[in-house]
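Trainee: I've got a model open and I'd like to talk it through. Can we go from the overall picture down to single residues?

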Amino acid sequence: MTPLVFWQDGRQLASVAAQPGDMLIDVARFYDVPLHWRCGQGTCGTCLVQLAHAAQPGLVKVGRKERNVLLRAGVIDAVQAGQDEWPDTPQTWRLACHLKVGGQPWQVTLPADS
């Protein structure tokens, strides 16, 4: 099991465990983490998260669909949307519906509650 800690506005929301390979959005739903989402399939762009983990900094491959959705949501610019690899940092926005839980602990930050 992989430990995941969810944060928002500097406070811990939940500390849970997930199986490697689980989709992050499914884990959040299962544990009633207040992660905003509409479609759950990678097209609406509302399940934004930032991840912190021990392997950072590094590079991460980001699929075309996720890049296009983040571009449309105004989270990234056209230059970043054209890149297959992004810097993997705690400041990088990703979509929870595109993220499979790995084997190392994650700190997952949700956008500020508005």
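This is a predicted model: local features need pLDDT of at least 70, side-chain atom pairs count only at pLDDT 80 or more; totals for chains, interfaces and linings use all residues.

Trainee: In what order do the elements run from the N terminus on?

Mentor: Start with the tally: there are 3 helices and 7 strands. Laid out from the N terminus on, the order is β-β-α-β-β-α-α-β-β-β.

Trainee: What radius of gyration does the chain have, and how does that sit with a compact globule?

Mentor: The C-alpha atoms fill a box of roughly 35 × 30 × 25 Å along the principal axes. For 114 residues, a compact globule would come out near 13 Å, so the chain agrees with that expectation: its radius of gyration is 13 Å.

Trainee: Which element supplies the largest share of the largest nonpolar core?

Mentor: That core has 30 residues, and those with the most contacts inside it include Leu 4, Phe 6, Val 49 and Trp 106. Elements supplying at least two residues each include β1, β2, β3 and α2. The largest share, 4 residues, comes from α1.

Trainee: Is Arg 67 buried or exposed, and which side chain does it join in a polar contact?

Mentor: Arg 67 is in helix α2. Its relative accessible area is 8%, and the cut-off for buried is under 20%, so Arg 67 counts as buried. Setting aside neighbours within four places in sequence, its contacts include Val 62, Ile 76, Gln 80 and Trp 86. The polar contact between side chains, at 3.0 Å, is with Asp 84.

Trainee: Which backbone oxygen lies 3.0 Å from a polar atom of the Trp 86 side chain?

Mentor: Trp 86 is in strand β5, and it is buried, with a relative accessible area of 0%. Beyond four places in sequence, it is in contact with Arg 67, Leu 70 and Thr 92, among others. The backbone oxygen of Gln 83 lies 3.4 Å from a polar atom of the Trp 86 side chain. The one at 3.0 Å belongs to Gln 80.

Trainee: And which backbone oxygen does the side chain of Thr 92 reach at 2.9 Å?

Mentor: Thr 92 is in the loop between β5 and β6, yet it is buried, with a relative accessible area of 11%. Not counting residues up to four places away, it touches Val 49, Gln 50, Leu 51, Trp 86 and Pro 87. Its side chain also has a polar contact of 3.1 Å with that of Thr 89. The backbone oxygen at 2.9 Å is that of Pro 87.

Note on methods: Residues are numbered from 1 along each chain as its sequence is written. Side-chain values use heavy atoms; hydrogens and water are left out. A nonpolar core is a set of buried Ala, Val, Leu, Ile, Met, Phe, Trp, Tyr and Cys residues joined through side-chain atoms within 4.5 Å. Buried means under 20% relative accessible area, exposed over 50%, partly exposed in between (1.4 Å probe, protein chains only). Contact means heavy atoms within 4.5 Å. A polar contact is a pair of N or O atoms within 3.5 Å; within protein, one must be able to donate a hydrogen and the other to accept it, and residues adjacent in sequence count only if both atoms are side-chain atoms. The radius of gyration is taken over C-alpha atoms; the globule rule is 2.2 Å times the number of residues to the power 0.38.
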